Amino acid sequence: MTDAAISIAGLHKHYGDLRAVDGLDLEIPRGEVFALLGPNGAGKSTTVEILEGFRKRTAGEVSVLGIDPHHATKEWRTRVGVMLQSTSARSSLTAREALLHTSRYYPNPRDVDATLDEVGLTEKANAKPQTLSGGQQRRLDVALAVIGNPDLVFLDEPTTGFDPEARRRFWRLIEGLSGDGTTVVLTTHYLDEADHLADRIGIIASGRLVALDTPDGLRSRATDARITWTEGGEPRTEETPTPAAFLRDLLGRIPGEVEGLRVTHPSLEDVYLRLVDDVAEVDAAAEEEPS
Ligand SMILES: Nc1ncnc2c1ncn2[C@@H]1O[C@H](COP(=O)(O)OP(=O)(O)OP(=O)(O)O)[C@@H](O)[C@H]1O
């Protein structure tokens, strides 16, 4: 018996010649908030949909809450929350009715009004989804994903189109779920979101996992600091692993104040972009090689 909420071994998903998922191995322990990052077309949604039991895999072993999602049972479905893209938009029910209706499928649902409040839709409780803005519809989709009080919830790009206040509200919701021991798997293009929420981040590129670490662990991969300043009217930049030594030198060389002097450390976004660029370069080189 493993304590993993999700185990993936040698997962492949091919569409003809395209390897959308190309040999993925990953374990996500119960209770973890896991963020899957990667550029457009990297294979995130495909992976998530396989884990949700909505897409067939080409090869590999997958276990989600102890079950192969391809053979999902009704009982398993009640334990797994899934955020479907804008399902709510097609519903003829009001936001509150949609949540109430969905909650009846679950043995131990969350409170409907509290959930509406948590996603910031109390004032729109009696609105039909078609009259909600894009961001509000998405908030309703998030509410629908968590209303069943799942052990594990999948959220595919949940905060796209959210205003800053809605994102912060969403972050609090995820923190609450995490505090209750819910496993959360989310895909996102927002590095700050992954940084804030995730216990671990997986970066996927060209269907392969290219990094798996805590946000701090990923950040610490970049050792160089960046020093920028203006000298002789020209902007200057230096990247160095020994910024103090460089600064001593610089200050010794330039008398008085150094114009525009800044020392910055690489952000999570810098590390992410470097990793993804490296993969793109390797892929491009492989394509140029004669087969
Ligand atoms: N049904 C399909 N038939 C053929 N190719 C597909 C199909 N679904 C996805 N793909 C391809 O598989 C690759 C991975 O797509 P996927 O949607 O998993 O990427 P993603 O990482 O979620 O991207 P995004 O960030 O844009 O949502 C892409 O090249 C995509 O074009």
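Visitor: Which elements each supply at least two residues of the shell around the ligand?
Guide: This is a predicted model, where local features need pLDDT of at least 70, side-chain atom pairs count only at pLDDT 80 or more, and totals for chains, interfaces and linings use all residues. Residues are numbered from 1 along each chain as its sequence is written. Helices (H or I, at least four residues) and strands (E, at least two) are DSSP runs, numbered from the N terminus. Two elements each give at least two shell residues: β2 (18–29) and α1 (44–52).

Visitor: Which residues surround the ligand?
Guide: A residue is near a molecule if its C-beta atom, placed from the backbone, lies within 6 Å of it. The largest share of the shell, 3 residues, comes from α1. The ligand is surrounded by Y15, L18, A20, G38, N40, G41, A42, G43, K44, S45 and T46.

Visitor: How do the shell residues divide into nonpolar, polar and charged?
Guide: Ala, Val, Leu, Ile, Met, Phe, Trp, Tyr, Cys and Pro count as nonpolar, Asp, Glu, Lys and Arg as charged, and the others, Gly among them, as polar. By that rule the shell around the ligand has 4 nonpolar, 6 polar and 1 charged.

Visitor: What separates the centres of domain 1 and domain 2?
Guide: The bounds come from an automatic or database domain assignment. Domain 1 covers 4–86 + 143–213, and domain 2 covers 219–288. Taken over C-alpha atoms, their centres are separated by 33 Å.

Visitor: Which elements give two or more residues to the side of domain 1 that touches domain 2?
Guide: Two residues are in contact if their C-beta atoms, placed from the backbone, lie within 7 Å. On that basis, 9 residues of domain 1 are in contact with 7 residues of domain 2. The elements on the domain 1 side are α7 (191–197), β8 (200–205) and β9 (208–213).

Visitor: Which are the edge strands of the open sheet of 6 strands?
Guide: Two strands pair if DSSP finds at least two bridges between them. The order is β5-β6-β7-β3-β8-β9, with mixed pairing. Pairing on one side only marks the edge strands, β5 (80–82) and β9.

Visitor: At what angle does helix α6 run to β7?
Guide: Axes are lines fitted to C-alpha atoms, for helices over the stretch in contact, and angles run from 0 to 180 degrees between N-to-C directions. Helix α6 (residues 164–179) lies across β3, β6 and β7. Its angle to β7 is about 145°.
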